[in-house]
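Hi,

Here is the structure for you to look over. My notes follow below it.

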Amino acid sequence: MRLGIMGGTFDPIHYGHLVAAQEARAALRLDPIVFIPCRQPPHRPTPPAADAEHRYAMTIAATCTNPSFRASRVELERPAPSYTVDTLRWLHDEEPAAELFFITGADAVRELATWREPERLVELCRFVAIARPGYDLGGLERDLGEFARAVSPIQAPGVDISSTEIRQRVSQGRPIKYLTPEPVEAYIVKHGLYRGDDQPDEKGGDQGCPSRSTSATCHGA
Ligand code: NAP
């Protein structure tokens with residue numbers, strides 16, 4: 001099995017992530033692809049805007065119609081910060097025969113040498129660096145140095161959407177329709193996420209959330 005692992009904060013998930021995952025799946029013949037929202041990315045001093053349970057619920061809402069996509073709670077079940085090496089060790093133990101491919105943004109991969117245990121990381125998986133439209137992959141190999149051999153860069157199709165832009169639009173009352181799947185948009189509205197008025201509702205409450213298990217297992221369609 002060639003297992004794709006889509007790692008990100010997904011604050012919120014959007015069509016740019018979904019299209020990138022599909023592109024990586026086709027280019028590298030990956031199946032399935034597991035989306036893993038992190039609790040707290042190690043390199044960021046401030047917490048994500050939406051609670052981890054909300055980001056996980058939106059990830060399920062966005063991926064549940066694709067039979068090759070899954071969502072996993074594995075990083076939500078561990079205390080922060082979410083070190084990728086811990087997740088890959090766990091996946092390697094769960095699926096010892098699987099080849100692992102960690103897919104994420106090219107600017108995050110560029111900093112790979114600063115991640116926890118980079119030598120172990122490149123033993124455990126191959127990295128797939130997604131370049132958004134307009135992102136310059138130039139110098140990536142130089143910046144990665146000895147780790148360049150473990151990275152496959154992929155140019156994402158022309159869907160230039162960012163989570164930052166979606167959060168800004170929501171806080172300004174501007175539309176986000178067609179930037180993210182409708183169930184994600186509906187979830188953001190229902191739970192009052194990203195309004196910037198400091199009145200988010202309860203943390204990922206069950207009302208209206210897609211079903212979720214309490215274990216660190218993956219959800220399929
Ligand atoms: P980020 O720095 O917020 O994102 C960097 C760029 O990549 C942004 O443009 C982002 O766009 C994009 N991006 C993020 N995830 C993506 C994905 N799966 N596919 C395509 N583009 C993506 O990155 P992050 O989300 O915090 O971290 C990315 C992953 O790397 C996470 O799983 C994180 O835990 C891991 N990481 C681990 C370590 C470590 O173990 N020490 C250090 C750094 C990162 P959007 O804003 O639109 O998503």
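Helix α1 (residues 15–28) has 14 residues. From first C-alpha to last it reaches 20 Å, close to the 20 Å expected at 1.5 Å a residue. The expected span is 1.5 Å times one less than the number of residues. Helices here are DSSP runs of H or I, at least four residues, and strands are runs of E, at least two, both numbered from the N terminus.

Two caveats on the source. This is a predicted model: local features need pLDDT of at least 70, side-chain atom pairs count only at pLDDT 80 or more, and totals for chains, interfaces and linings use all residues. Residues are numbered from 1 along each chain as its sequence is written.

Back to α1. Its buried residues are Gly16, His17, Leu18, Ala20, Ala21, Ala24 and Arg25. Buried means 20 or more other C-beta atoms within 10 Å of the residue's own; exposed means 12 or fewer; partly exposed is in between; C-beta atoms are placed from the backbone. Just after α1, Arg29 takes a positive phi of about 55 degrees.

Overall, the chain has 8 helices and 7 strands. Of its 221 residues, 39% are buried. Take contacts between residues at least 6 apart in sequence: 77% of them join residues at least 24 apart. A contact needs C-beta atoms, placed from the backbone, within 7 Å.

What does α2 pack on? The axes of α2 (residues 52–63) and α8 (residues 182–191) come within 8 Å and cross at roughly 150 degrees. That makes α2 roughly antiparallel to α8 (over 145 degrees). Axes are lines fitted to C-alpha atoms over the stretch in contact, with angles from 0 to 180 degrees between N-to-C directions. From α2, His54, Ala57, Met58, Ala61 and Ala62 meet Pro183, Val184, Tyr187 and His191 of α8. These contact residues divide into 7 nonpolar, 2 polar and no charged. Nonpolar covers Ala, Val, Leu, Ile, Met, Phe, Trp, Tyr, Cys and Pro; charged covers Asp, Glu, Lys and Arg; the others, Gly among them, are polar.

Last, Gln168, in helix α7 (residues 163–171). Gln168 is partly exposed, with 14 other C-beta atoms within 10 Å. Its C-alpha is separated by 8.7 Å from that of Arg195, 27 residues apart along the chain.

Best wishes

Methods:
Parallel < 35°, antiparallel > 145°, perpendicular 65-115°, else oblique. Contact = placed C-beta atoms within 7 Å.
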